[in-house]
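I opened this structure to look up its charged pairs, its aromatic rings and one of its sheets. My entries follow in the order in which I made them.

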Amino acid sequence: DIFSGITVAASTFADTVDPDTYTQSTIDDTVDVNGTAHTNSGSKTVFTSDSTGYRFYEDLSGGCVYSKTTDGGSSWGSAITVDAQTDCIAVQVWYDRWTPGDTGNYIHIATLDIGNDDVWYNRLDTTSDTLLLGTTTVSTLVGSGQGGTSITEGENFISITKGTDGTVYVLSNDGTGVNDSFVLECSTACQTASNWTETGTN
């Protein structure tokens, strides 16, 4: 039951899967029970090797967190907060090595909240499991000229990616069409709010 806990089939990540080896393990049994918190599309799982992986999700506390496995998904560590706001409704990630030619070790993290109606950024260094900003994320809207966007759980969605030139892009999409949709970008020192600017609008 996805609404009472997040589970994963450990053998899902193997190149060749023997059906007899399928097992399930619980990542966290105290996740956000609101179904819409788990249905937005995008990337929430990163495996940096066959054994080491990270799963990002919305916790029951209202914060956005991740859990880590070092045994291919058979067991998972305690939740680690990446956005401590208690109204974090969505999280999406991008791993450096998903960008062609990139050999970096960062997981870039975008989150949404419904209190400030904002899009937030953080970054995880997988070599040390250190968060760039701790649990206090940076607003991507401050320097972008965007504002006044009303964010609603189940209606607004985010995506994050990184270009081959190193620029990080965050998309905020309004599923209803009532509010604005936009793309923000940052090419350097993304922990600084004023370095985020608007790329384009929809």
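**Entry 1: charged pairs**

I began with Lys 44, which is buried at a relative accessible area of 7%. Buried stands for under 20% relative accessible area, exposed for over 50% and partly exposed for what lies in between, with a 1.4 Å probe and protein chains only. I noted that the model is predicted: local features need pLDDT of at least 70, side-chain atom pairs count only at pLDDT 80 or more, and totals for chains, interfaces and linings use all residues. Residues are numbered from 1 along each chain as its sequence is written, and side-chain values use heavy atoms, with hydrogens and water left out.

Which residue forms a salt bridge with Lys 44? I found Glu 58, with the closest N and O atoms 3.3 Å apart. A salt bridge here is a side-chain nitrogen of Lys or Arg within 4 Å of a carboxyl oxygen of Asp or Glu. Lys 44 is in the loop between β2 (24-28) and β3 (45-47), while Glu 58 is in strand β4 (residues 53-58), 14 residues apart. Strands are DSSP runs of E with at least two residues, helices are runs of H or I with at least four, and both are numbered from the N terminus. Glu 58 is buried, with a relative accessible area of 0%.

I then searched the whole structure and got four salt bridges. Asp 96 and Lys 162 form one, the closest N and O atoms being 2.9 Å apart. Asp 96 lies in the loop between β7 (88-95) and β8 (106-113) and Lys 162 in strand β12 (residues 156-162), so this pair ties together parts 66 residues apart in sequence. Asp 96 is buried at 2% relative accessible area, and Lys 162 is buried at 13%.

Asp 102 also forms a salt bridge with Lys 162, with 2.8 Å between the closest N and O atoms. Asp 102 is in the loop between β7 and β8, so its pair with Lys 162 in strand β12 ties together parts 60 residues apart in sequence. I recorded Asp 96, Asp 102 and Lys 162 as linked in a network of salt bridges.

**Entry 2: aromatic rings**

How many aromatic pairs does a search of the whole structure find? I got six. Rings of Phe, Tyr and Trp (its six-membered ring) pair if their centres lie within 6.5 Å; planes under 30 degrees apart count as stacked, over 60 as edge-to-face and the rest as tilted.

Phe 47 and Trp 76 form an edge-to-face pair, 6.4 Å centre to centre with 90° between the planes. Phe 47 lies in strand β3 and Trp 76 in the loop between β5 (64-69) and β6 (80-83), so the pair ties together parts 29 residues apart in sequence. Trp 76 is buried, at 13% relative accessible area.

Tyr 95 and Trp 98 form an edge-to-face pair, 6.2 Å centre to centre with 90° between the planes. Tyr 95 is buried at 4% relative accessible area, whereas Trp 98 is partly exposed at 33%. I also listed one aromatic cluster made of Tyr 54, Phe 56 and Tyr 66.

**Entry 3: a sheet**

I followed an open sheet of four strands, in the order β3-β4-β5-β6, with antiparallel pairing. Two strands pair if DSSP finds at least two bridges between them. The edge strands are β3 and β6, each pairing on one side only. Three bridges join the antiparallel strands β5 and β6. Cys 64 stands opposite Asp 83 in β6.
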